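Me: I'm new to this one. Can you walk me through it, piece by piece?

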Amino acid sequence: VSTSWNIGIIDGLSGWTASVDDVPADTISRRFRYDVALVSALKDLEEDIMEGLRERGLDDSTCTSGFTVVIKESCDGMGDVSEKHGGGPAIPEKAVRFSFTVMSITVQAEGEEEAVTIFQEQKPNSELSCRPLCLMFVDESDHEMLTAILGPVVAERKAMKESRLILSIGGLFRSFRFFFRGTGYDEKMVREMEGLEASGSTYVCTLCDSTRAEASQNMVLHSITRSHDENLERYEIWRTNPFSESADELRDRVKGVSAKPFMETQPTLDALHCDIGNATEFYKIFQDEIGEMYQKNNPPREERRRWRSALDKQLRKKLKLKPVMRMNGNYARRLMTREAVDVVCELVPSEERRKALTELMELYIQMKPVWRSTCPARDCPDQLCRYSYNSQCFAELLSTTFKYRYDGKITNYLHKTLAHVP
């Protein structure tokens, strides 16, 4: 990187020659050049790097090469950012932020077998360690616009994967290489970046090829099979249809990859949306249990509404939980507790069903720390060991006692919680 690396903020579309013309390009996004942003991040960590070398007893004058930096990339929509009184240029009223976090820095000293970690981000999920790279006025569902703006970012990242950065740290030039891990995406963004169909698709999972029906039949035994390279190959098959198959056969062959994968993401599970998705599911189970759904088939809408208002009234009275329009993280965390289940059980007529409901929640509470934790092996080793067993018991309960709800269907996050966390 040249000595004048303080380029500052550039037009987010720089890197494209002709730009999208119906929106003034200079209003639509702002970003840092990726290499410049990484240099800036490393300069910020200069003291930590030197400190790390000293703590590990490494002579900093011999450690000039062999540094490896792991970068976590994140991208998410920021919802509604509309102006209250209008008057600005015509731009979408949504925004998207692409950012990165320096997760760790290791160094392999000359003649040493092992690489030594000299910096590890203690709070990798904190807003304090998250560095914005690009801010754009785009709706995250507008695939064309998103890919147009992130195109140069992807190109810069690709160039950096192959090359080394030489940077002065502690008065000496040192050589760094970068590994990029796209793990900070929610499911919607992963599907968009990886060319998969939207989340209501029969292909329920971004990690494996299972269909919704298969996932509800076999709830726990799935391995992670999807990858960026495979998605690219499948897109080629989708595009060329080499075996001249019908649309349905072709779609089955490519397992729902029907757009070009654009940016590589790492298979992960987004803990917040996992909480929210599963709480939404439990909220519905609670309603169904209050109305003894397992005995009925197809109760009228009014009756279901009565169950729901009974549930809301009870939660508000006993737990001070106000009903929400859309499930959010805080509501989800308060709903998924022993207290909540006890309160709901007061409205469930049969003793046997109350027992099943309590057991379901107990298992869930046992499982949850594993996918909430940054480092489960350190934070909750016992729950980690029991996870597979717990998820099997959980699945067993769903497919027997709660069969009325999980016959041939299962939600995306319940599938991931049971099949992919282990």
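Me: Which residues are buried in helix 16?
Reply: This is a predicted model, so keep that in mind throughout. In helix 16 the buried residues are Asn412, Tyr413, Leu414, His415, Lys416, Thr417, Leu418 and Ala419. The helix is mostly covered, with 8 of its 8 residues buried.

Me: What covers the buried residues of helix 16?
Reply: The cover includes helix 5, helix 6 (212–217), helix 9, helix 13 and helix 15 (381–400).

Me: Take Asn412. Where does it lie?
Reply: Asn412 lies in helix 16, which runs over residues 412–419.

Me: And why does Asn412 count as buried?
Reply: Its relative accessibility is 10%. Buried means under 20%, so Asn412 qualifies.

Me: What is Asn412 in contact with, leaving aside neighbours within four places in sequence?
Reply: Glu187, Arg191, Ser199, Val204 and Arg212. With Arg212 there is a polar contact, side chain to side chain, at 3.0 Å.

Me: Which UniProt feature is placed at residues 267–422?
Reply: UniProt gives "domain: V(D)J recombination-activating protein 1 ZnH2" there, from an unreviewed entry. That span is 69% helix and 0% strand. Its end C-alpha atoms lie 13 Å apart.

Me: What does UniProt place at residues 203–265?
Reply: The feature "domain: V(D)J recombination-activating protein 1 ZnC2", again in an unreviewed entry. Residues 203–265 are 43% helix and 0% strand. Here the end C-alpha atoms lie 18 Å apart.

Me: Zooming out. How many helices and strands does the protein chain have?
Reply: The chain has 16 helices and 8 strands. Its C-alpha trace spans about 75 × 55 × 55 Å along the principal axes.

Me: How much of the chain counts as buried?
Reply: Of the 422 residues, 46% count as buried.

Me: And what share of contacts between residues at least 6 apart joins residues at least 24 apart?
Reply: That share is 68% in the protein chain.

Me: Next topic, holes. How many cavities of 30 Å³ or more are there?
Reply: The count is 1 cavity of 30 Å³ or more. The largest cavity has a volume of about 150 Å³.

Me: Which residues lie closest to the centre of the largest cavity?
Reply: Val190, Thr206, Leu207, Thr265 and Pro267 are the closest, out of 20 lining residues. The elements that give two or more residues to the lining are helix 5 (187–193), helix 7 (228–240) and helix 16.

Me: How does that lining divide by residue type?
Reply: The lining of the largest cavity has 7 nonpolar, 7 polar and 6 charged residues.

Me: Now pockets. What is the volume of the second largest pocket?
Reply: About 270 Å³. Its lining includes Val154, Arg157, Lys158, Lys161, His228 and Leu232. Lys260, Pro261, Phe262, Met263 and Glu264 line the pocket too.

Me: Which helix gives the most to that lining?
Reply: Helix 4, with 4 residues. By type, the lining of the second largest pocket is 5 nonpolar, 1 polar and 5 charged.

Me: Back to helices. Which residues of helix 12 are buried?
Reply: Helix 12 covers residues 338–345, and its buried residues are Ala340, Val341, Val343, Val344 and Cys345. They pack against helix 9 (271–290), helix 10 (301–319), helix 11 (329–335) and helix 13 (351–372).

Me: What about Arg338, where does it lie?
Reply: Arg338 lies in helix 12 too. It counts as partly exposed, because its relative accessibility is 39%. Not counting residues up to four places away in sequence, Arg338 touches Glu362 and Ile365.

Me: How far apart are the C-alpha atoms of Arg338 and Ser129?
Reply: They are separated by 34 Å, and the two residues are 209 apart along the chain.

Me: Last one, Val254. Buried or exposed?
Reply: Val254 is buried, with a relative accessible area of 0%. Its place is in helix 8, residues 247–254. Leaving aside neighbours within four places in sequence, Val254 is in contact with Arg234, Ile237 and Trp238.

Me: And how far is the C-alpha atom of Val254 from that of Arg316?
Reply: The separation is 47 Å, with the residues 62 apart along the chain.

Conventions. Residues numbered from 1 in each chain as written. Predicted model: local features only at pLDDT ≥ 70, side-chain atom pairs only at ≥ 80, totals over all residues. Heavy atoms only, no water. UniProt positions renumbered as here; feature names shortened; annotations may be inferred. Buried < 20%, exposed > 50% of the residue type's maximum accessible area, 1.4 Å probe, protein only. Polar contact = N/O pair within 3.5 Å; in protein donor to acceptor, adjacent residues only side chain to side chain. Contact = heavy atoms within 4.5 Å. 1 Å grid on protein atoms, 1.4 Å probe; cavity = no way out; pocket = protein on both sides within 12 Å on 5 of 7 lines; lining within 4 Å. Points joined across faces, edges and corners; volume = space filled by probe spheres on them. Nonpolar A, V, L, I, M, F, W, Y, C, P; charged D, E, K, R; others polar.
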